[in-house]
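Q: I have a structure open and would like to learn how to read it. Can we go feature by feature?

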Amino acid sequence: MGWITAQAPRPAELNACVDCGLCLPHCPTYRLTGDETASPRGRIAAMRAVADGLVPIDDAFEDMMSFCLQCRACEAACPSLVPFGRAMEGARAELAAQRSDAGRRIRQVLLGRLVTSPGLLRLATRSLGLARRTAAIRIVPAALRASLAGMRSVSRPLPPVRGATHGAQGKQIGSVALLAGCVMDAWFGGVHEATVELLTRAGYRVVVPPGQTCCGALAAHDGDARGARRLAARNIRALSGVDLVVSNAAGCSAHLKEYAEWAGDGGAILAGRARDVTEVIAGAIEDGRLPTMSINRGVVAVQDPCHLRHAQRIVEAPRVIVSAAGYQPVDLADDQCCGAAGLYSMLHPETSHTLGENKAAQIRAVGSTVVASANPGCEMQVRAHLDNWYRVAHPVELYWEAIREKELRSRENPE
Amino acid sequence: MRVVTFVRELQDLLGEERVLADPLRRHVYGKDGGIRRGDVAVVTLPATVGEVAEIVRIASRHAIPVVPRGAGTGLAGGAVPTSPSLVVSLTRLTEIEVDVESSTAWVGAGVLNLDLSKHTAAFGLHFAPDPSSQAACTIGGNVANNSGGPHCLAEGSTVNHVLAVELVTAAGEVLMLGADAPDPVGLDLRGIVVGSEGTLGIVTRVLVKLTPNPPAARTLLAAFDRVEDAAATVSGIIAEGIVPAALEMMDQPMTIAVERFVGAGFPTDAAAVLLAEVTGHPAAVAAEAELVRAVAESNHATRIRVAADQAERDLLWKGRKAAFGAVAQLAPDYYLHDTVVPRTKLVEVLAQVYDIADRYDLAIMNVFHAGDGNLHPLMAFDASQEGVLDRVHAAADEVARVCVAAGGSLSGEHGIGLEKRDLMPLVFSEADLDAQARLVEAFDPDRLFNPDKVLPTGSRCFDMGRPVPEGIWI
């Protein structure tokens, strides 16, 4: 019966593919299986077959679409500029609309509640933390347990950041609304601290508007178009009246830049202002608004989150930042997905595990125990697959630490 | 019923995950990088040569045609089944075993061309054939099509780099053809298999010769106001006695499409650009690069740019190699032609090609391995328009005829497949075709493998599929 939603893959998106196959080697699931139906070109062919009415939206179609990591490595490799990520979100929206089973509905309701309610997420986090230390962890489903194995052990609980305003240090050059995020706020307080400190030092006034919510990326990737639209609409209202909207989770900044799809004109305006924190901080370093450390801290392995490198084509910024901190950035053997991919690690635990192991092996080969990763999902995945003497941190954290350390030292030994 | 037992036998062998039989997945495997679609009965994903042999035995028992497939980047329809067939995807045969001392490697058919060169980079070696699809295409596909690439001008095509092949025959036997010695005794059966497009058997493993990475390389980009000047430069360079590692030309429409994708600074206002690469000893490279520059200047090059470093060199080549895909920015479909003309006829043939495209009202752009006269006219179109495919095929047909009439050949490197099959009589007599058909029969008497490819029906004099039994009179 073809497509029924407004998000469905569009003819222009599907026609842009000429079947050249240059995306194939960049696709992690194709690499693992050698199977055309697990490749971007194959998935486009399947979407076309549905669009042309040749096949129904059946189990085979659902399997093919859900096996995709949505890492968008194919997009960066595509000479025909096929917007694959967009088309795949459309296919997922169709699946959600046409094949809604109980499992998907429960998943979307639970997820919807969890990511939009900071209080609930904190409660869930604390319960999980407690469960991890007791036998109660056994009641947590295995796939969820594996996905959360790489959670940070937070020594000091940081206060929630929402509602705060931080003035620029020195001359103000602009204003920033910080997207607090869903998991970032509950689990990654250290990243927020570094982000706020660095942005204010770079001359930005930083507000963390209280009315904001989850960016909606997980909902969009999962085909929950209504949820994605609702969240986008709320954020557009909350994150207005600033020069830039900054996120320190690559998956979120990538999604903010696509708000035109989810929230019309207002969305396009926010998308135009959206930045990943690495872009803004790297820019400030290059302008000399933030310092460059001459100390040699050794090598750091740079893990490129797919939604930074492929979706936003940001490659240099994290390297600029860790270099300014005094590290020598080293690339991993390839830029393929680590297997976290949002909900993927829970829906396809085996594939996710294999990719996680591959990524961990590449990190070990670098020979440093410090890893820079600019996305919370990747950070957790990478940590879960590495021994506990590896440190995985956001580039801005490593940089902020270096600045603070230098300042402490100069205070102790004034010249 | 027959298909059901057939699929069950395959599932018993490979498990359900590696046998794809649902309508959607069969549909997805119905096409390669070209424009034709075929009919797939079932897809298998074997992981060992033993499994390939067993699959062939099962298919042979059920008399179901077998179509081998690599990455499906071919443009001539070589991996497109013409009747409901068993597709054998060889992408899981990915073992590489390098013998550094003899600069050779045993390579699984499913290894990607570029992966092989990356794998051997640590030893200072690479696999010389470098088709534009090298990041995606498999070694098995390269062997099937005797693939070339920009750097085949100096290094030769795949057949010059294959020492031996492991071949699964129609009887399900595993043969080793060729040897690690450079000149084995007996008939050169390896040379027959390379370029046979999957019609003789399934190549599962290949012993390849590896080429030392050049100690130095220099890449030049020259822009011209007239295509004639670019072509004269090509002839001039070769007349100087230089065989550059690569000598590539793009016309203006192609350059514009490529530049939009890579942003490498290709001059979009030039009528033609020439990409030349010289490799070898640093001193020789410097001297040859100067000579190339001088020849280009004497032929009125408007600008000459020398890539400053490896990154710039990579970017220029990325642009050249993404040329085909980049065309999709202009139209949703393309037809990429592959013919060869004598270098001296380049300008003349090109004018005729433009004329043909005009007459059929098709957008055409050209990219070619100018050094060996391998033309790749590319027609961009929208297949959803009524009748456009007929025009494309008619124009392609004329282009092939023009090239053959100029003393050229039907295919440079992409193979014959389905696309050029019916044009074979342009270059081969009945006796030639009959001889080739007999050769295929010698390997594959029942035409199990990739039937209907390469040779047009009727190639065999008294085409009956098999020899007439003794004692029967017709």
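A: Begin with a helix against a sheet. This is a predicted model. Helix H16 (residues 277-287) of chain A lies across S4 and S5 of chain A. Its angle to S5(A) is about 75°.

Q: Which strands does helix H11 of chain A lie across?
A: Helix H11 (residues 189-201) of chain A lies across S1, strand S2 (174-178), strand S3 (204-207) and S4 of chain A. H11(A) runs at about 145° to S3(A).

Q: What is the order of the strands in that open sheet of chain A?
A: The order is S1-S3-S2-S4-S5 in chain A. This open sheet has 5 strands and mixed pairing. Its edges are strand S1 (165-166) and strand S5 (274-276) of chain A, and each pairs on one side only.

Q: In what sense do S4(A) and S5(A) pair, parallel or antiparallel?
A: The general idea comes ahead of the case. Strands of a sheet pair through backbone hydrogen bonds, in either a parallel or an antiparallel sense. Strand S4 (residues 244-247) of chain A pairs with S5(A) in the parallel sense, over 3 bridges. For a residue to look at, take Val246(A): its bridge partner in S5(A) is Arg275(A).

Q: How many bridges join S6(A) and S7(A)?
A: There are 5 bridges between strand S6 (residues 298-303) and strand S7 (residues 327-331) of chain A. The pairing is parallel. Val302(A) has Asp331(A) in S7(A) as its bridge partner.

Q: Which residue of S8(A) stands opposite Ala301(A)?
A: Val371(A) stands opposite Ala301(A). S6(A) pairs with strand S8 (residues 370-373) of chain A in the parallel sense, over 3 bridges.

Q: Back to H11(A). Is Gly189(A) counted as exposed or partly exposed, and why?
A: Count its C-beta neighbours. Gly189(A), found in helix H11 of chain A, has 18 of them inside 10 Å, so it counts as partly exposed. A residue needs 20 or more to be buried, and 12 or fewer to be exposed.

Q: How far apart are Gly189(A) and Ala260(A) in sequence and in space?
A: They are 71 residues apart in sequence. In space, the C-alpha to C-alpha distance is 29 Å.

Q: Which residues of H22(A) are buried?
A: Pro395(A), Val396(A), Glu397(A), Leu398(A), Tyr399(A), Trp400(A) and Ala402(A) are buried in H22(A).

Q: How many helices and strands are there in chain A?
A: Chain A has 22 helices and 9 strands. Of its 415 residues, 52% are buried. Now look at contacts with a separation of 6 or more: residues 24 or more positions apart account for 76% of them in chain A.

Q: Let us move to chain B. Into what domains is chain B divided?
A: Follow the numbering. Domain 1 covers 2-89, domain 2 covers 96-212 and domain 3 covers 216-309 of chain B. Domain 4 covers 331-423 and domain 5 covers 428-474.

Q: How many residues of domain 1 of chain B are in contact with domain 5 of chain B?
A: Domain 1 of chain B gives 8 residues, in contact with 6 residues of domain 5 of chain B. On the domain 1 side, helix H3 (49-61) and strand S3 (66-69) of chain B each give two or more residues. S3(B) has the largest share, 3 residues. By class, that side has 5 nonpolar, 3 polar and no charged residues.

Q: What is the pairing in the sheet S5-S6-S10-S8-S9 of chain B?
A: This open sheet of 5 strands in chain B has antiparallel pairing. Strand S5 (96-99) and strand S9 (174-178) of chain B are its edges. Neighbouring strands of this sheet are turned by 15° against each other on average, direction ignored. For one pair, take strand S8 (residues 162-168) and strand S10 (residues 202-209) of chain B: 6 bridges join them. Ala164(B) stands opposite Leu207(B) in S10(B).

Q: Last, the interface. Which element gives the largest share of the side of chain B that touches chain A?
A: H2(B) does, with 5 residues. In total, 33 residues of chain B are in contact with 27 residues of chain A. By class, the chain B side has 18 nonpolar, 10 polar and 5 charged residues.

Definitions and conventions. Residues are numbered from 1 along each chain as its sequence is written. Chains are lettered from A and ligands numbered from 1 in the order in which they are written. This is a predicted model: local features need pLDDT of at least 70, side-chain atom pairs count only at pLDDT 80 or more; totals for chains, interfaces and linings use all residues. Two strands pair if DSSP finds at least two bridges between them. Helices (H or I, at least four residues) and strands (E, at least two) are DSSP runs, numbered from the N terminus. Axes are lines fitted to C-alpha atoms, for helices over the stretch in contact, and angles run from 0 to 180 degrees between N-to-C directions. Two residues are in contact if their C-beta atoms, placed from the backbone, lie within 7 Å. Ala, Val, Leu, Ile, Met, Phe, Trp, Tyr, Cys and Pro count as nonpolar, Asp, Glu, Lys and Arg as charged, and the others, Gly among them, as polar. Domain bounds come from an automatic or database domain assignment.
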